[in-house]
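The sequence and structure come first, and the description follows.

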Amino acid sequence: MEESKKNMLISNMTSNLPTLRRRLNISQSELGEKIGVNRSTVAAIENGRRKMTWNTFASDG
């Protein structure tokens with residue numbers, strides 16, 4: 001997959017992540033456990049302090 005397409009998908013997921021978590025009724029900690037990162041990483045991604053990696057995006061947790 002092209003890098004530009006990956007970046008677009010990651011950007012879309014990042015902007016929608018808080019809403020998706022609320023709809024699934026899961027905490028940042030619970031999401032982190034499912035995708036193999038800690039709560040502070042999820043928080044940093046949601047707050048724009050850290051860019052989501054392709055590996056995190058594609059995690060099948």
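Helices (H or I, at least four residues) and strands (E, at least two) are DSSP runs that are numbered from the N terminus. The model is a predicted one, in which local features need pLDDT of at least 70 and side-chain atom pairs count only at pLDDT 80 or more, while totals for chains, interfaces and linings use all residues. Residues are numbered from 1 along each chain as its sequence is written, and side-chain values use heavy atoms, with hydrogens and water left out.

Lys6, Ile10, Thr14, Leu17 and Arg21 of helix 1 are buried, where buried means under 20% relative accessible area, exposed over 50%, and partly exposed in between, with a 1.4 Å probe and protein chains only. An α-helix has 3.6 residues a turn, so residues three or four places apart point the same way. The buried residues of helix 1 pack against helix 2, helix 3 and helix 4 (54-57).

Asn25 lies in the loop between helix 1 and helix 2, and its phi is near 55°, a positive value in a residue other than glycine. Most residues other than glycine have a negative phi. Asn25 is exposed, with a relative accessible area of 67%.

**How the helices cross**

The table sets out two helix pairs; axes are lines fitted to C-alpha atoms, for helices over the stretch in contact, and angles run from 0 to 180 degrees between N-to-C directions.

| Helix pair | Axis distance | Angle |
|---|---|---|
| Helix 1 and helix 3 | 8 Å apart | about 120° |
| Helix 2 (28-35) and helix 3 (39-46) | within 8 Å | roughly 105° |

Helix 2 is therefore roughly perpendicular to helix 3, whereas helix 1 and helix 3 are oblique to each other; angles under 35 degrees count as roughly parallel, over 145 as roughly antiparallel, 65 to 115 as roughly perpendicular and the rest as oblique. Between helix 1 and helix 3, the contact (heavy atoms within 4.5 Å) is made by Thr14, Leu17, Pro18 and Arg21 on one side and Val42, Ile45 and Glu46 on the other. In the meeting of helix 2 with helix 3, Gln28, Ser29, Leu31 and Gly32 face Arg39, Val42, Ala43 and Glu46.

Helix 3 is mostly covered, since six of its eight residues are buried, namely Thr41, Val42, Ala43, Ala44, Ile45 and Glu46. The cover over these buried residues includes helix 1 and helix 2.

**Arg21 and its partner**

What does Arg21 meet in a salt bridge? The side chains of Arg21 and Glu46 form this pair at 2.5 Å, N to O, a salt bridge being a side-chain nitrogen of Lys or Arg within 4 Å of a carboxyl oxygen of Asp or Glu. The pair links distant parts of the chain, with Arg21 in helix 1 and Glu46 in helix 3, 25 residues apart. The structure holds one salt bridge. Arg21 is buried, with a relative accessible area of 13%, and Glu46 is buried too. Leaving aside neighbours within four places in sequence, Arg21 is in contact with Ile26, Ser27, Gln28, Leu31, Val42 and Glu46.
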